[in-house]
Amino acid sequence: MRSLLAGVIISLGLSPFFVQAQQPVADPKVVAMVEALRLAAPQTNKPNDGYYSQWQVKPETLKGWSKTCLKKELTPTQFENNPNIARQVISCITQRELNNQFQTTKNNETAAVRGVACWWMTGNYTGCNQGFTANYVQKVVRLYQQERSKPAANQTKKGSS
């Protein structure tokens with residue numbers, strides 16, 4: 001019984017350090033990134049262009065993301081027709097990627113946003129230094145910074161819609 005109690009005490013004593021080490025990116029950053037990705041999404045202006053939702057997600061990408069985040073696959077139609085679910089999936093994936101990039105860049109916010117934007121467009125975290133992808137990444141960074149400068153109440157509202 002004493003060893004069980006000692007284990008609980010040690011666990012409780014170490015838990016603040018464990019929680020701090022695994023603490024995700026603060027929600028306003030994720031909300032700002034999700035909104036920047038939405039606003040920067042290239043619009044083809046073609047009906048049935050093969051991309052879904054305001055974030056312009058490919059169907060094959062959507063399957064994996066929805067399975068990861070919702071534990072079930074969504075059809076493109078379900079994703080397209082439910083903006084709340086679309087935002088939930090995008091937020092989940094964005095949080096994962098932003099957390100990874102914050103770790104990789106040693107908490108350099110701009111570099112993390114650049115990495116996620118590049119990954120979003122190409123599947124790679126680097127290599128978006130010229131042409132269309134460079135312009136896209138710059139646009140996402142600018143939109144992200146605009147979103148981050150808005151009052152928190154506006155960002156929270158977007159995150160829950």
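Student: Why is W119 called buried in this predicted model?

Tutor: Buried means under 20% relative accessible area. W119 has 14% relative accessibility, so W119 counts as buried.

Student: And what makes W65 buried or exposed?

Tutor: The cut-off of under 20% applies here too. W65 has a relative accessible area of 12%, so W65 is buried.

Student: How do you know that W65 and W119 form a stacked pair?

Tutor: Two tests are needed. Ring centres must lie within 6.5 Å, and planes must be under 30 degrees apart to count as stacked. For W65 and W119 the centres are 6.0 Å apart and the angle between the planes is 25°. Both values pass, so the pair is stacked.

Student: Why is the pair of W119 and Y125 called stacked?

Tutor: The ring centres of W119 and Y125 are 6.4 Å apart, against a limit of 6.5 Å. Their planes meet at 10°, and under 30 degrees counts as stacked, so this pair is stacked.

Student: Which residues do ring pairs link into a cluster?

Tutor: The cluster holds W65, W119, W120 and Y125. A search of the whole structure finds 4 aromatic pairs.

Student: Let's turn to the largest pocket. What is its volume, and which residues are closest to its centre?

Tutor: The volume is about 390 Å³. Of the 17 lining residues, Y51, Q56, K58, W120 and M121 are the closest to the centre.

Student: Which elements give two or more residues to that lining?

Tutor: They are α3 (59–70), α6 (109–122) and α7 (131–149). The largest share, 4 residues, comes from α6.

Student: How do the lining residues divide by type?

Tutor: There are 11 nonpolar, 5 polar and 1 charged in the lining of the largest pocket.

Technical notes. Residues numbered from 1 in each chain as written. Predicted model: local features only at pLDDT ≥ 70, side-chain atom pairs only at ≥ 80, totals over all residues. Heavy atoms only, no water. 1 Å grid on protein atoms, 1.4 Å probe; cavity = no way out; pocket = protein on both sides within 12 Å on 5 of 7 lines; lining within 4 Å. Points joined across faces, edges and corners; volume = space filled by probe spheres on them. Nonpolar A, V, L, I, M, F, W, Y, C, P; charged D, E, K, R; others polar. Phe/Tyr/Trp six-rings, centres within 6.5 Å; stacked < 30°, edge-to-face > 60°. Buried < 20%, exposed > 50% of the residue type's maximum accessible area, 1.4 Å probe, protein only.
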